Structure formats: structure tokens, C-alpha cells
Amino acid sequence: MIPEKILHFIGGKQVPSVHGATFGVADPVSNRVYAQVAAGGAEDVDRAVEAAATAFEAGPWPGMPARARAKVLGKIADAIESRADEVASLETFDTGLPITQAKGQAARAAENFRFFADVIVAQHEDAFSSAGQLGYVLRKPVGVAGLITPWNTPFMLETWKLAPALASGCTVVLKPAEWTPLSASLLPAIMTEAGVPDGVFNIVHGIGEDAGAALVAHPRVPLISFTGETATGQIIMRSAADHLKGLSMELGGKSPCVIFADADLETAADSALFGVFSLNGERCTAGSRILAERAVYDSLVATLAARAARITVGPPSDPDTEIGALVHPEHYERVLSYVRLGVREGARLVAGGTRPAGLPGGNYLAPTVFADVTPDMRIFQEEIFGPVVCVTPFDSEEEAIALANNTRYGLAAYIWTSDLRRAHRVAASVEAGMTWVNSHNVRDLRTPFGGVKASGLGREGGQHSIDFYTESRIVHVAMGDTHVLRFGA
């Protein structure tokens, strides 16, 4: 059921904003407002942080044994799984993601909690013995974690941060993306049903410049985990510097998909198309720059264009839909502006670029393929974040590497070749936090997730996430008589 009002969740209660402010949120198919959402400001963030800080300092959560916290995380996963169809349905309605892909995101959200429950139960600490001393490490949760999440796959990405933060013993204040607050409205009931103590989990909705900025600036929030645009990440870094906050930020991307002539071209084409057009192209790790060796360039462009023209664009709730509606009219216009820019810059439009036939309303764009894209073009350099891909030829391995690295971003990279030695050389030379060879974006949750250059700082995933939400403190104990140089004796 679609609620007409979406409230904050603070200290275990659903509450409106202090001043009663709200904002309307619309679905991307009709662009009609379906609900009023509490618009948080500094006072609402203060209330949420106070509740979280009290729960951290006086509540049971940080001091619970790992196994006890893990049991609660398992119950959260159970509650998500019991609502999986509802989660997917709300996500599809709110974001425009195809329902089949939204179902996958709901399943992954539950797995995030199960995974981090296992991680903390298996957690071990280091101990060191030397020179008559024993040193052992104590791992402590840092405190109140501020979590700021994006509008693409919002529910899954919220759980990707919530699970390790809660597993580590932190309490949290979540600020969901203002364009897609719907699926987050399920979290209060899920947390309560699972037995999460009041104040451990809090939500403040609102505009980033208000609620998000207040959360980043709050002196009692020592950690900020943010996923979103690079420009916003830079603003967060400046604000966080005042209190020397810990930051984990996964930012923008313009990832290359490098296809050599000796690759399995059919599978490479499958991967390239899925990598840029799944999730409506609204994914940070999209392989939005396809770099093709000259010998196969023309045939690959023809294949990509023909396949793109056959991709099913339609209502997100239809199981046959492969690309749904883009999330918001503002973002839709931004993506369209890049399509127009690509044409002006002289790229060759070989597929899409227009509204699909039979869809007169909603934020729909046919999957778009530009060929003959050069590195000086803005569509090569800038993140579009939609169903738009650029194809560029190269003549040598060295040129492929140079083209792959010729952006400010460095989140992901994809390499297709049957030459194993070349695969290792290119993977070592491409400036990316994550590289897949003869594979697409298949994640092992134990591995580090994050980018280099303008794609962010820090890593999420497995032990890397736990390290962010905890502090390691070393204790040194003398194992025998202590002999100290006697100054001044």
C-alpha cells in the first residue's frame, strides 16, 4: 500500500518534522505527487542524533555480544524476505526500476544483513607477543553513524550501509534520498519487528541541502557514509573537516569496458549491454564507455546498435520490461541534455536518443548508443547516469589503457580478452578501484567496494566496512618485571 504521508522515525516513533514542513514526491511513470514527506531540518536531525547518542551511550546495543547482535540482524533479514514482494513493488513504483531487477535488489538487501551477521560472529582480533609484552586489540564501535544514501536502488543501498553499521554496534541516523523515500518507509516496522532497541535506528527525511547538511555538520556524529555525486562528496568533505569526521564515500563513475579483438565477442556484447542498460543505466558502476579494438569496432557498433533497438522499454511493473522510467523529470531532462550534447559534439548516434514509441508520458528514453566518440567530448568525460553509452575505437593495448584512464573517475573497469597475460597487464594499469576480467559486475560481498580519483575514498564490503564503523585500540601488558631507564635517579 502506498502511504499518503511518510514521517521521520526517531527514538522508536514515527514523528513529523518539528515545524511541520513537508515536500511532495512523485512516481516517474505519471510524475504525479503520491505522498507528502516530512521535510527534516537541523532540529529534526538534532532529535535523531540525540536519540541515537542516548542509545549508544546508555543502551544495550554497543555492548551486546556479537552473537546477540547477529541474531537481530538475522531477524531483520527474515523481515525483509517476508516483505520481499512489497519491497520490490514499492521500489519499482518509486524509482522506475524494472520489477524483475527490483526483486533482485530486495533479495540482496536481506543478504546484506545475513552476510554482516556472519562477519561479526567470525570476527577475531590480533594479538602480539614480543619483548616480554603481550599486545592485544580491542575493537569498539565508533558511535553515531550518519548514513546518506542515493536514489538509485535505494533500499538495497540503505541496507548495504545499515547492516555493517548495526553489526559493528553503532547507532545510526539514515537520511534517504528525497526523490525515492518510499521503500525506506518499510524500515521502521522491519527494525521494530526484529527487536532493534529504540534509538538505535533513526530516519530523517528531507532535502540534502537541509537534512543532509545538518547531519554532516552535527558535532555528535563522528562518521559519515555517503553514496552519491562527486560534487556533493566534495561539499561533505569540506563540512566534515571541521570535526575531523571519518568518511566513506562512493562517488561518481565513468567506467570503461575494454573489448579486445580476441575476446568472446558475443559474451562481451551481452555484458556491455547489460552493464550500461540494466537498472535503467542509473548505476555508478555502469560500463558507460565501451572501448573496442579497431579490428572489431565496426561490427561491434553494429551489434550494439541492433541489440539496443530491440531492448524492451516499458512500464516498470511489467515483467517483460528491461528498461523502465528514469527516476525524476529533473534527471530525465539532464540525461536528454547529454544526448543533445553528444549530437552537437559530432558523435554518431546509432541507436535511441528519443522517447520510445507508444510511451507518450513518463520519463522514458530509448537505449542510446553513440559511436565515434572521442576523448575530448563531454559525453566521454562526464557521468550521464542513464541508458546512454559511448563507443570509441583503439589500435593498441597502450592506447586502450590511455583511453580507459582518460577521465577524472576511477570506480570500475571491465576487460574482455582471451590473452591472460594481457588481461593481467591491463588490469594492473587501469585506474579503477574494481576491475572485472571476462566478467560483469558480479560481487563477492567480502571484497572491497570503492573507487579511486574522483570516484571516492574508503572501501565498503566485508571486513573493510567493519573497520570503518569500529576503532581498533591496542592494549600492551608487561608479562614480567618491567625495566625502565631511570631518568633523574
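Phe385 counts as buried, because its relative accessibility is 16% and the buried class takes in values under 20%. The model is a predicted one, and in it Phe385 sits in the loop that runs between α12 (378-381) and β17. The phi angle of Phe385 is near 65 degrees, a positive value in a residue other than glycine.

Leu244 also has a positive phi, near 50 degrees, and is likewise a residue other than glycine. Most residues other than glycine have a negative phi. Leu244 belongs to the loop between α8 (230-240) and β12 (246-250). With a relative accessibility of 76%, Leu244 counts as exposed, since that class begins over 50%.

## Helix α10

Helix α10 covers residues 294-310. Its 17 residues should span 24 Å at 1.5 Å a residue, and the C-alpha atoms at its ends lie 25 Å apart, which agrees. The helix bends by about 25 degrees, and the bend is at Leu300.

Leu300 is also one of the buried residues of α10. Packed against the buried residues of α10 are the helix α9 (265-277) and the strands β13 (256-259), β14 (289-293), β15 (348-351), β16 (368-371) and β17 (388-394).

## Asn280

Asn280 is found in the loop that links α9 to β14, two of the elements that pack against the buried residues of α10. With a relative accessible area of 0%, Asn280 is buried.

Leaving aside residues up to four places away in sequence, Asn280 touches Gly96, Leu97 and Pro98, then Ile323, Gly324, Ala325 and Leu326, and also Gly386 and Pro387. Between the C-alpha atoms of Asn280 and Cys390 there are 16 Å, and the two residues are 110 residues apart along the chain.

## Helix α2

Helix α2 runs over residues 66-82 and has 17 residues. From its first C-alpha to its last it reaches 24 Å, close to the 24 Å expected at 1.5 Å a residue.

Buried in α2 are Arg69, Ala70, Val72, Leu73, Gly74, Ile76, Ala77, Ala79 and Ile80. The cover over these buried residues includes α3 (84-95), α4, α5 (154-167) and α6 (187-194).

## The contact of α4 with α15

Helix α4 (residues 99-121), which is among the elements covering the buried residues of α2, also packs with helix α15 (residues 462-469). The angle between them is about 75 degrees, and their axes are 10 Å apart. Angles of 65 to 115 degrees count as roughly perpendicular, and α4 and α15 are therefore roughly perpendicular to each other.

On the α4 side the contact is made by Phe115, Phe116, Val119 and Ile120, which meet Gly462, Gln463, Ser465 and Ile466 of α15. Five of the residues in this contact are nonpolar, three are polar and none is charged.

## Ala48

Ala48 lies in helix α1, which covers residues 42-58. Its relative accessible area is 0%, so Ala48 is buried.

Not counting residues up to four places away in sequence, Ala48 touches Ile10, Val173, Asn202 and Val204. Ala48 and Ala211 are 163 residues apart along the chain, and their C-alpha atoms are separated by 11 Å.

Note on methods. Residues are numbered from 1 along each chain as its sequence is written. This is a predicted model: local features need pLDDT of at least 70, side-chain atom pairs count only at pLDDT 80 or more; totals for chains, interfaces and linings use all residues. Side-chain values use heavy atoms; hydrogens and water are left out. Axes are lines fitted to C-alpha atoms, for helices over the stretch in contact, and angles run from 0 to 180 degrees between N-to-C directions. Helices (H or I, at least four residues) and strands (E, at least two) are DSSP runs, numbered from the N terminus. Angles under 35 degrees count as roughly parallel, over 145 as roughly antiparallel, 65 to 115 as roughly perpendicular and the rest as oblique. Contact means heavy atoms within 4.5 Å. Ala, Val, Leu, Ile, Met, Phe, Trp, Tyr, Cys and Pro count as nonpolar, Asp, Glu, Lys and Arg as charged, and the others, Gly among them, as polar. The expected span of a helix is 1.5 Å times one less than its number of residues. The bend at a residue is the angle between axes fitted to the seven residues ending there and the seven starting there. Buried means under 20% relative accessible area, exposed over 50%, partly exposed in between (1.4 Å probe, protein chains only).
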